[in-house]
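Take a walk through this structure. Start with its strands, then turn to its rings and its charges.

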Amino acid sequence: MITEVELPGIVEPDGLQLRRRETPEIGAGQALVRMEATGVSFAEQQMRRGKYYDQPPFPFVPGYDVVGVIEALGAGASGFTVGQRVAAVTKTGGWADRLVLDTANLALVPDGVGAEETEAVIVNGVTARRMLAIAKVRRGDTIVVLGANGGVGSLLVQLARHAGAQVIGVVSKRHFPYVRELGAIPVDRSVDVAAAVKAIAPDGVRAVFDHVGGPEIKKSWSMLGRGGSLVSYGTAATMKDEGNARLPVLALILRLLLWNVLPNGKSATFFNIWAGRRRLAQHQAAMRLDLEAVFGQLAAGDITARIARAFPLADVADAVRFAESGTAAGKVVIVP
């Protein structure tokens with residue numbers, strides 16, 4: 001039997017439903033994975049409101065990524081053995097104590113790295129790694145990270161610092177100690193952020209990483225120096241707005257496209273981790289390489305994972321409430 005969490009529709013956290021069903025058959029090239037850790041990300045917070053850009057129709061099982069141990073393998077599932085710890089970006093389905101996954105989507109987790117720590121860097125680590133590459137951040141650059149205390153933000157800071165860049169982290173004052181600990185210069189998000197950044201980098205910065213979107217994205221664009229890159233990867237500002245979930249994203253992408261034609265050397269990109277999935281085999285191979293690279297940096301101590309709190313699967317409503325409270329510092333993890 002499998003125990004999983006179903007999101008039946010647009011509901012408050014208490015509306016999430018725990019259900020049990022028969023374990024599905026393991027098909028060719030698939031693995032039955034016993035979940036050791038999954039998590040609550042911004043994506044699930046959007047999905048609960050029906051605001052994630054391309055979420056499936058209700059009802060479905062949320063869970064963007066997962067770490068677990070292989071319990072069984074289907075025919076032709078080469079490259080893995082029973083008992084290995086693996087991780088995957090699932091988009092949905094991770095909030096279950098067992099799940100069947102294609103082995104093409106799995107990446108091995110190094111020995112000695114904990115399941116909860118691994119969970120905290122799966123999609124967040126790949127997102128941060130790819131966005132830094134898009135912006136071509138190099139040693140000596142100065143960048144701005146909005147929400148530098150968050151899951152993606154904290155890894156952006158760490159990976160950028162490891163690459164030799166100076167980082168300005170925009171956060172609430174209560175997160176200043178943590179951001180300083182990561183090696184960034186904290187800036188209070190309640191002040192005139194653009195003016196504060198200009199005082200640190202008078203000629204503008206190399207890159208700004210913005211998960212907020214909305215009208216305030218103009219301030220992020222204004223912080224760039226010539227040749228700088230704005231990388232947008234979310235629409236937190238409009239998450240609670242009524243109406244079509246796709247419109248704020250499409251409006252943001254259109255704005256970024258228009259900015260790209262301006263003759264000032266700046267560039268703007270909307271990052272989507274699922275871009276290129278139409279070439280499935282290529283997408284899966286690239287994801288595995290990125291996951292293994294991030295896990296290697298975690299094992300080597302180049303990056304660290306901060307766990308805000310771990311909740312049992314049965315207490316998923318409490319986990320979601322805590323993640324949405326604005327007080328969590330680090331990844332909210334769900335364990336069996």
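Three bridges join β3 to β15, and the two strands run antiparallel. Two strands count as paired if DSSP finds at least two bridges between them. Helices (H or I, at least four residues) and strands (E, at least two) are DSSP runs, numbered from the N terminus. This is a predicted model, in which local features need pLDDT of at least 70 and side-chain atom pairs count only at pLDDT 80 or more, while totals for chains, interfaces and linings use all residues. Residues are numbered from 1 along each chain as its sequence is written, and side-chain values use heavy atoms, with hydrogens and water left out.

Stay with β15. The bridge partner of Val-40 in this strand is Val-332. Strand β14 (residues 307–312) is joined to β15 by five bridges, and these two run parallel. Here Pro-312 has Val-335 in β15 as its bridge partner.

How many residues of β15 are buried? Five of its five residues are, so to speak, under cover: strand β15 (residues 331–335) is mostly covered. Buried means under 20% relative accessible area, exposed means over 50%, and partly exposed lies in between (1.4 Å probe, protein chains only). Both faces of β15 are covered. On one side sit Lys-331, Val-333 and Val-335, and on the other Val-332 and Ile-334, all of them buried.

Now look at the rings. The structure holds five aromatic pairs. Rings of Phe, Tyr and Trp (its six-membered ring) pair if their centres lie within 6.5 Å; planes under 30 degrees apart count as stacked, over 60 as edge-to-face and the rest as tilted. Tyr-52 and Tyr-64 form one of these pairs: their ring centres are 6.2 Å apart and their planes stand at 75°, so the pair is edge-to-face. Both tyrosines lie in the loop between α1 (42–48) and β4 (65–73), so the pair ties together parts that are twelve residues apart in sequence. Tyr-52 and Tyr-64 are both buried.

Phe-58 and Phe-60 give another arrangement. Their ring centres are 5.7 Å apart and their planes are at 15°, so the pair is stacked. Which of the two is buried? Phe-60 is buried, because its relative accessible area is 8%. Phe-58 is partly exposed, because its value is 30%. Ring pairs also link Tyr-52, Tyr-64 and Trp-274 into a cluster.

Some rings have a charge over them. This is counted if NZ of Lys or CZ of Arg is within 6 Å of the ring centre and within 35 degrees of the ring normal. Arg-306 lies over the face of Tyr-178, at 4.0 Å from the ring centre. Arg-309 lies over the face of Phe-322, at 5.9 Å from the ring centre.

Next come the salt bridges. A salt bridge is a side-chain nitrogen of Lys or Arg within 4 Å of a carboxyl oxygen of Asp or Glu. By this rule the structure has 17 salt bridges. One of them joins Arg-321 to Asp-14, with the closest N and O atoms 2.7 Å apart. Arg-321 lies in helix α10 (residues 316–324) and Asp-14 in the loop between β1 (2–6) and β2 (17–21), so the pair ties together parts that are 307 residues apart in sequence. Arg-321 is partly exposed, at 36% relative accessibility. Asp-14 is exposed, with a relative accessible area of 60%.

Glu-71 and Arg-34 also meet in a salt bridge, at 3.2 Å from N to O. This pair links distant parts of the chain: Glu-71 is in strand β4 and Arg-34 in strand β3 (residues 30–40), 37 residues apart. Glu-71 is partly exposed, with a relative accessible area of 30%. Arg-34 is partly exposed, with a relative accessible area of 30%.

Glu-324 is partly exposed, with a relative accessible area of 23%. Elsewhere, Glu-4, Glu-6, Arg-19 and Arg-21 are linked in a network of salt bridges.
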